[in-house]
Structure formats: structure tokens, C-alpha cells
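Hi,

Here is the structure I promised to pass on. Have a look, and my notes follow below.

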Amino acid sequence: MAKPKRRYVCADCGSVSSRWQGQCADCGQWNTLSEEAPETTFSARHDLSGGGRRLAFEPLDAPAEVLTRRSTGLEEFDRALGGGIVPGSAILMGGEPGIGKSTLLLQAAAAVARSGAEAVYVSGEEATGQVRMRARRLGLSDSPLKLAAATSVRDILTTLHAGPQPALLIVDSIQTMHSDVIEGAPGTVSQVRASAFELIRYAKENGVALVLVGHVTKDGTIAGPRVLEHMVDVVMSFEGERSHQYRILRALKNRFGAVDEIGVFAMEGQGLAEVSNPSMLFLSGREQPVAGSSVFPALEGTRPVLIEVQALIVRLQSGATPRRAVVGWDSGRLAMLLAVLESRCGLNFSSAEVYLNVAGGYRLTDPAADLAVAAALVSALADKPLPLRSVWFGEVSLSGEIRPVAHSGLRLREAAKLGFDRGAGPEDAGKGVPALRYSGMATLPKLVDRIMGGE
Ligand code: TYD
Ligand code: MG
């Protein structure tokens, strides 16, 4: 009899390889491959052309289905979901351990239960006593939420099938769930997939809104939610720096709505508090201009958010390799920007350590932030503070051009509303914003001249 083939599965992207490798050939992650039980293979080609149910085809112009959404009781959560939870939908809530996923979902589930709907919270990570203690701390003890500690998908589904069907089911976390239809320990890719598959099928068949919690670790040591992304309707990411108070809830994929609105929360002693006006949160509250600090006018969906970017440059005496450390921005993008500043503007960062930090634990992804970062770097290098109430935005190309970005007028108008009186960015972007003195710049050398000249 042929020996079953060995099978190695990447915990991050789920790709399968026949031999162990240090790096996944598909997604490039390191140390994410581990051996898993062989999947049942079909030896012969099955004939699927008979014995099935006949489908009834439908025309395209049938009356549109109206999506009824249910509020999570947290406006910021609803906003990030595109207006609330859709019954029968499967939501994946990803985020690093300790960021606040369980807290957020306990608050939401308790609110749904309080509103009169049936809500169930199944924890595979904590004993019910622990969850109850947390609920007490959050002031949720009076909510008729149904709580259970379980890891067996069969137990969970047996219980739920006995009724009544909940409107909302939270499973915390998918990595602790175990399905007995396949082999393998909880947390392996095949277990995570199989458990999610069964839970999602139950949710779809019964019109239950399902939230699966999925831990994401930077080193990919546990099966990441990426292997589930295509199975669910909505992928949410709960982000922030654990050492900071602010948390951002973002939809990465949403079959029922747009993905451009975020929810903003602050982690406090009594759980997550909603922040409905986040515009000034990510400013450090400085009173005096400081070299190396700039402000980027970001837009999160319909809301403006001003974000402080801080750069620190330390000249090295010895020939040691200088460090580059980044918090809240892409390190590859920083390397690119430094290279452009060196080759197009003649600045020298090669013997200096460069530290870049985005205030408040915010993560910048908008390419328009390039110019704010460049301004902070040049200001730090020249030791010249930028004007206190100025905002900087624009995309920087490899040739050193400052390129136009979306919503320039909106960014500037919102900054002006929040008391900023100067703006700098791509040429012509300041038209029609009279409340603010605008400097348009075509290239990075112009930016350097302006900052070096102390303008
Ligand atoms: P948790 O929801 O357990 O994170 P996750 O489920 O994503 O792993 O949150 C854990 C952190 O939140 C923990 O470090 C303590 C902090 N926290 C507060 O600061 N205030 C609170 O009221 C609660 C419940 C937790
Ligand atoms: Mg948790």
C-alpha cells in the first residue's frame, strides 16, 4: 500500500507543500509550515452529472432584496460594518492577542441581548467565570446574554440546533475550536478551516449573524485568519498599539457595504469607549513647534483625522550600521523616501539613525502621507521646526515629484476648520480654500528649500 504523502501547510496563507521549507513559497512568511494530516483524496474521477437537485434559474431584474441590519449597540462598530450586522452573515474579527477583540464583542453581544434579541457568546479561551468577571467590570451583568465555554463545534451546534436560534453568535476564538470530522489539533489550518466551515454553514442556514474571532500574530505562529478570508462575508481588523489607548476598527472586506469608514475606540477601565469625533486624537498636544514633527490631514471615510508624524535623527560617530525604526508606517516606504531625499535632494542620512513614529498608535496607509513624513524627516535633519499649525500631504514619486492625491480640498478645509492656518502639498491643490495659506510644491527639492529656508 502506498504511504500517505506528507503534507505541510502554511499557517498564514494555507498553501500546501510536499516538503518542509523554512519559508513559504507562496506568501514568503518564515517558519509557518507545519505537518498536517493528509486530506482525503479521491482516487477516481467522480461523475457529478446526475443525482443532484435541479436548479431554478432566475432573471436579473427580480425585486431587490432589502438588507435589514441590526445595530451592535455601538455606533462606531455599526459604522465600520457599513451600518450594522446583516442577519445570516459571517464576520471575521481579526487582531493581535490582547488588543481588545473579546472586550469589544462582549460589549456588542450584551447590547444586542439587551435590545431583546437572542445573543450567544461562546468562549473557547476563557472560563465562563472569567468572562462573567469581565462583564461585571464592564457593567454588563444585567444583560440576558447567553454565555458558554466550549471548544467542540459539535457541542456548540448540537446546543444551538435545539433552539431557539440566536440573532447573534460570537465564537471566541476560531483557533480554539475543534471539529471531530477531521484529525488535527485546534489551531491547525485544517481544523480552523473545518470548524469555520461548519459554523458558517449553520449561520447561513439559520439566518444567524456569526462573528468569528481570529488572532493574528506578526510571526504567523498560529493559523491566521487569512486562510478564512474567502469563506466569510466581512473581514474586520481591530488595530492599535497595545501600549496606547486608541483602537481602530476597520473593514478589510465587506460583501454588504463599503470599506472606507472606520470605528474609533479608546480602551478604558470600563472597556471600550466610543470616540465619535477622532479628529484631534492623534496629535500630541504640543504647544511649541518642535523640529521633526509634522501633521498629516488624513480622511477616514467621511471623517477628517489629523495625525502627527514624529521623526528623530541621531548622527553616529562610529562606522556602525545605523538603525531605522518605524512605528505606524511601512518601513519599506521609509527606505524609499530616504533614498529619494538622498538622491534627488542631496541630503545625507547614511551615517544617521532614523526613527519614525506616528502618534497615538495610529497606522498610516494613505500614500498621501509621504509628504508629511518627508517634512518631518527634513525638519529633524535640519533641526528646523515646521510652523505649529501647518498640515502636509502629497504622494512622493521615485523621481522626487510631489503628486496630487484624492480629496485635497476636503483635507484642507477640514484642517482649516480645526484651527490650522497653513497647508503644503501638490501644486494647485490649495485652490478654493481661502481660510488657509497654501504652498503648492512640484518636487521634493522645493520642500527642502522651504524648510531649510525656515519659511
Ligand atoms: P481582550 O479583549 O481580552 O483582548 P483580545 O480578546 O483581543 O485578546 O483585551 C485585553 C486587554 O484589554 C487587556 O490587556 C486589558 C485591557 N482591558 C482594559 O484596559 N479595560 C477593560 O475594561 C478590559 C475588559 C480590558
Ligand atoms: Mg480574547
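Two strands count as paired if DSSP finds at least two bridges between them; strands (E, at least two residues) and helices (H or I, at least four) are DSSP runs numbered from the N terminus. This is a predicted model, where local features need pLDDT of at least 70, side-chain atom pairs count only at pLDDT 80 or more, and totals for chains, interfaces and linings use all residues. Residues are numbered from 1 along each chain as its sequence is written, and side-chain values use heavy atoms, with hydrogens and water left out.

On to the sheet. Strand 10 (residues 246-254) runs antiparallel to strand 11 (residues 262-268), and five bridges join them. Leu-249 sits opposite Gly-263 in strand 11. Both strands belong to an open sheet of nine, ordered 6-5-7-8-4-9-10-11-12 with mixed pairing. Strand 6 (146-149) and strand 12 (271-274) are at the edges with a single partner strand each, so one side of each has no neighbour in the sheet.

Then helix 4 (residues 153-161): Val-153, Ile-156, Leu-157 and Leu-160 are its buried residues (buried is under 20% relative accessible area, exposed over 50%, partly exposed in between; 1.4 Å probe, protein chains only). They fall within an arc of 90° seen down the axis, so they line one face of the helix; the arc is taken from the directions from the helix axis to the C-beta atoms. Thr-158 and Thr-159, on the other side of helix 4, are exposed. Among what covers the buried residues are strand 5 (119-123), strand 7 (168-172) and helix 5 (189-206), with contact meaning heavy atoms within 4.5 Å.

Cheers

Methods:
Chains lettered and ligands numbered in written order.
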